[in-house]
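Look at the structure shown here. The report that follows goes through some of its side chains and parts of its backbone.

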Amino acid sequence: PVHDYKRNALQKVDGFGTGTFMARTEVFKRIPQPWFNLAGGMGEDLFFTGVRCPEFGVPVYVDTRAKVLHKPTMVPEWHGEEMYERQRSEGKANG
């Protein structure tokens with residue numbers, strides 16, 4: 001859950017979905033495979049950003065200045081900042 005979402009800011013987080021993300025090649029040299037794995041009831045993206053990165057001392061950030069959309073397969077609705085803010089104001093978001 002996001003408890004303190006900041007618009008237009010670089011924000012340190014515990015993990016995030018990787019619909020759109022960037023990582024330095026050094027990260028993949030530092031962290032041994034598997035990088036992405038369906039484990040523990042979480043998606044492969046949260047496994048990488050929320051488990052593997054912290055396990056090997058790689059800090060994880062989200063830059064909310066980058067405005068992107070993501071359309072997951074299971075929930076056929078575009079996900080983005082506006083949808084998240086709407087759900088959060090309605091008490092439906094996870095943060």
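Phe28 has a relative accessible area of 23% and is therefore partly exposed; buried means under 20% relative accessible area, exposed over 50%, and partly exposed in between (1.4 Å probe, protein chains only). The model is predicted: local features need pLDDT of at least 70, side-chain atom pairs count only at pLDDT 80 or more, and totals for chains, interfaces and linings use all residues. Residues are numbered from 1 along each chain as its sequence is written, and side-chain values use heavy atoms, with hydrogens and water left out.

The structure holds six aromatic pairs. In one of them, the ring centres of Phe28 and Trp35 are 5.0 Å apart and the planes stand at 80 degrees, so this pair is edge-to-face. Rings of Phe, Tyr and Trp (its six-membered ring) pair if their centres lie within 6.5 Å; planes under 30 degrees apart count as stacked, over 60 as edge-to-face and the rest as tilted. Ring pairs link Phe28 and Trp35 with Phe16, Phe21, Phe36 and Phe48 into a cluster.

| Residue | Relative accessibility | Class |
|---|---|---|
| Trp35 | 24% | partly exposed |
| Thr49 | 2% | buried |
| Arg52 | 9% | buried |
| Asn8 | 48% | partly exposed |

Thr49 is in helix α2, residues 44-55. Helices (H or I, at least four residues) and strands (E, at least two) are DSSP runs, numbered from the N terminus. A polar atom of the Thr49 side chain lies 2.8 Å from the backbone oxygen of Phe16. Thr49 also touches Asp14, Gly15, Thr18, Pro54 and Val60, among others, not counting residues up to four places away in sequence. Contact means heavy atoms within 4.5 Å.

Arg52 is in helix α2 as well. What does the side chain of Arg52 make a polar contact with at 2.8 Å? The partner is the side chain of Glu55. A polar contact is a pair of N or O atoms within 3.5 Å; within protein, one must be able to donate a hydrogen and the other to accept it, and residues adjacent in sequence count only if both atoms are side-chain atoms. The Arg52 side chain also reaches the backbone oxygen of Pro34 at 3.1 Å.

Pro34 is in the loop between α1 (25-30) and α2. A cis peptide bond, with omega about 5 degrees, joins Gln33 to Pro34.

Asn8 is in the segment before β1 (10-12). Although Asn8 is not a glycine, its phi is positive, at about 55 degrees.
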